[in-house]
Amino acid sequence: MKKIYTNILLLSLTIIIAAFPQVKAQTTITTGDMVITSKLMTFHNGIYVARGGIKAEQKDSTMTADRGIYDQELEVVKAIDNVKVTQPDTVLTADYLEAYPKEDRLLARGNPKVTRIIERNKNNSDEKSSKTRIILTCNEVESFNKEDRFLAKGNVKVIEVEYRESETEEEAAENEKKPITQITCEYLEMFSKEEKAICRNDVEIITDTLTATGDKAIYLNLSSQVTIVGHAHAQQVSKEKGTNKKQTSELFANKILYYPDEERTIAVGNVHATVYPGSDSGKKDKDKDKKKDKKKKKKKAKKAEEDEFDVEEADI
């Protein structure tokens, strides 16, 4: 009788143990050309659960996160909390990410942010090229590496700021407050091979000299050209010929072409243009204006004192 009870107890324990996930230390698994490593990983019903940090490497890309899940059947890797994907000159951070190794596709949600360092060539061949940092934030990011295509959706904001190799985090944060260029839209699609970007819905482009809006904007890096279509509108500040005076040109058209390197704008189709003459922007004239303002203030102050004195004298 005791033997029967013992066998039943052993059988029950075997069933209970089998029902719980297998726990393995420092486990490495492979899916496609992606290698996933974690300090602590459990496996149950075809699903790996990684805790205590996860690392996934694929080609020239490395992903890290606090924890993750790999589903063998769906062939998807899910990274959760403090997600970071590092590629040459590009870093993606987010709260949550899904990676599809066979499709070579990524989907990031939860405060996704993409930072990329690019090299800008000067107009003059004698001048040295400089590096700038591009920072993109939005609601959702999706990357199709096989197609060299990238999507950003919802509250898209892109800024370009100055970059130095040795800059500190404080300097980098300060530079972000003074962007060279800022673009906002609802939907951004980028094509790496063609070096082309398309912005859609409520597009706004702001530079030092230009503010432009439209339904859609297409940027071609090779020709350094921005084409704005759909309720295209632009305001550009430029110098009047032969003077230091600045003038503002306002344009409405079917299509507006903007060439950032030349700071030149062309309007096409149903063009309505207005030029607002400005004032001399030279330093000397600014100094003169400041002196005039000071003199006016002194005169007003002196007159106020005299008026006050006269009143006091009269009251006596």
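**Overview. Secondary structure and surface of the predicted protein.** The protein contains three helices and 19 strands. Of its 316 residues, 33% are buried. Contacts between residues at least 6 apart in sequence include 36% that join residues at least 24 apart.

**Close-up 1. Pairing of strands β12 and β13.** Strand β12 spans residues 149-162 and strand β13 spans residues 181-191. The two strands pair in the antiparallel sense, with ten bridges between them. In this pairing, I159 lies opposite Q182 of β13.

**Close-up 2. The hairpin of β13 and β14.** Strand β14 covers residues 196-206 and pairs with β13 in the antiparallel sense over eight bridges. I183 stands opposite I205 in β14. Four residues lie between the strands of this hairpin, where E195 adopts a positive phi near 55°.

Close-up 3. A267 counts as partly exposed because its relative accessibility is 22%, and the partly exposed class lies between the buried limit, under 20%, and the exposed limit, over 50%. Leaving aside residues up to four places away in sequence, A267 touches L251, A253, K255 and I256. One of these, A253, is 14 residues from A267 in sequence; the C-alpha to C-alpha separation of A267 and A253 is 5.9 Å.

Note on methods
Residues are numbered from 1 along each chain as its sequence is written. This is a predicted model: local features need pLDDT of at least 70, side-chain atom pairs count only at pLDDT 80 or more; totals for chains, interfaces and linings use all residues. Side-chain values use heavy atoms; hydrogens and water are left out. Buried means under 20% relative accessible area, exposed over 50%, partly exposed in between (1.4 Å probe, protein chains only). Contact means heavy atoms within 4.5 Å. Two strands pair if DSSP finds at least two bridges between them.
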